[in-house]
Amino acid sequence: MNRPPAPPQAAFQQTQPAAPQAFVAQQYPAAAPTGGQDYSIANFGGPGTGAPGSVLMLYGLDINRISCDSIFNLLCSYGNILKVKILINKPGTAMVHMDNPQAAKNALQHLQQTRGMGNTLQLAFSKHDYIADKGQAECMPDGTPCWKDFTQSRNNRFLTAEAVSKNRIIGPSKILHFYNAPPDSTEDTFKQLFSELKVPEFTAIKFFSQGQPGGKSSTGLMEWIDVESALEVYVIANHYTMHALSGRAYTFKLAFSSNTSIDTPNMQH
């Protein structure tokens, strides 16, 4: 069966940094299916094409709080994301095009029936094998587009072999690993950030590195009262642009942690 042609680039201006060229050639991580099949983007005609079984339907989303970026954040730990489309005519529903079937399977396995922002998230494989180009003029309540192309986003977490080795595919947890925060970040810095974003405040925080002005970045662990609270922060605050006292911008990142206690950190998230 002939595969449909790759849709053209999105008309929306990208707000995320461009991905390196490795995105189109990088072999997908070892978590991909065995049997010699290569599910890398390159094998399916380059960015924007993906593969059958790589498009997910998401149900139970809070239409007043979601955006294409927050949906990207929700699934970014399970594989590279090509496109997101929020269905305005079906409130609380979205389509997400992962770069291969295994990434979609990972997301479905770990997020199915997860509670987040007062709703229960449900996922299913779509009958479509790709997301067509922008077909809706509507925007979300916050004014952001209901369709977005992420094929050139550096925030995709499986772009290189090195990046792949640093990611562990696990389900949501009440402990999150944070990294790439400004080096002069403090506990109060994050409390103020989460207050501004109107997300739950952590109950505990532990810094691995807390640099001085001019240092590289701050990393550590944060813990919430429950998984639902942590997931809300993960979706809303992930990839938020923070600024050091020097004015330098940092893309704040969060990842699910396998730690059971914030006091006995496992450095691999």
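**Briefing: a predicted protein model**

Of the 269 residues of the protein, 51% count as buried, where buried means under 20% relative accessible area, exposed over 50% and partly exposed in between, with a 1.4 Å probe and protein chains only. This is a predicted model, in which local features need pLDDT of at least 70, side-chain atom pairs count only at pLDDT 80 or more, and totals for chains, interfaces and linings use all residues. Residues are numbered from 1 along each chain as its sequence is written, and side-chain values use heavy atoms, with hydrogens and water left out.

**Overall make-up**

- The protein has five helices and 13 strands; these are DSSP runs numbered from the N terminus, with helices being H or I of at least four residues and strands E of at least two.
- Among contacts (heavy atoms within 4.5 Å) between residues at least 6 apart in sequence, 73% join residues at least 24 apart.
- The accessible surface comes to about 12,200 Å², and carbon and sulfur atoms hold 50% of that area; the areas come from the Shrake-Rupley method with a 1.4 Å probe, and for residues only the protein chains shown count as cover.

**Helix α1**

- Seven of the eight residues of α1 are buried, so the helix is largely enclosed by the rest of the structure.
- The buried residues in α1 are C68, S70, I71, F72, N73, L74 and L75.
- Their cover includes the strands β1 (55-59), β2 (81-86), β3 (94-98) and β7 (147-149), along with the helices α2 (101-111) and α5.

**Cavities**

- The whole structure contains four cavities of 30 Å³ or more; a cavity is a set of points, on a 1 Å grid over the protein atoms alone, where a 1.4 Å probe fits but cannot get out.
- The largest cavity holds about 170 Å³ of space, with grid points joined across faces, edges and corners and the volume taken as the space filled by probe spheres set on the points.
- It is lined by 16 residues, and L61, L74, G116, M117 and L121 are the closest to its centre; lining residues have an atom within 4 Å of a point.
- The elements giving two or more residues to this lining are α1 (68-75), β4 (115-116) and α5.
- Eight residues of the lining are nonpolar, five polar and three charged; Ala, Val, Leu, Ile, Met, Phe, Trp, Tyr, Cys and Pro count as nonpolar, Asp, Glu, Lys and Arg as charged, and the others, Gly among them, as polar.

**Aromatic pairs**

- There are twelve aromatic pairs, a pair being rings of Phe, Tyr and Trp (its six-membered ring) with centres within 6.5 Å; planes under 30 degrees apart count as stacked, over 60 as edge-to-face and the rest as tilted.
- In one of them, the ring centres of F202 and W224 are 6.3 Å apart and the planes stand at 90°, so this pair is edge-to-face.
- F202 sits in the loop between α4 (187-196) and β9 (204-209) and W224 in the loop between β10 (218-223) and α5 (227-237), so the pair ties together parts 22 residues apart in sequence.
- Both F202 and W224 are buried.
- One aromatic cluster is formed by F178, F190, F194, F202, F207, W224 and F252.

- A204 belongs to strand β9 and is partly exposed, at 24% relative accessibility.
- Not counting residues up to four places away in sequence, A204 touches L221, M222, E223 and I262.
- G118 lies in the loop between β4 and β5 (119-120) and is partly exposed, with a relative accessible area of 40%.
- The C-alpha atoms of G118 and S229 are separated by 9.6 Å, and these residues are 111 apart along the chain.

Note on methods. On a 1 Å grid over the protein atoms alone, a cavity is a set of points where a 1.4 Å probe fits but cannot get out, and a pocket is an open set with protein on both sides within 12 Å along at least five of seven lines; lining residues have an atom within 4 Å of a point.
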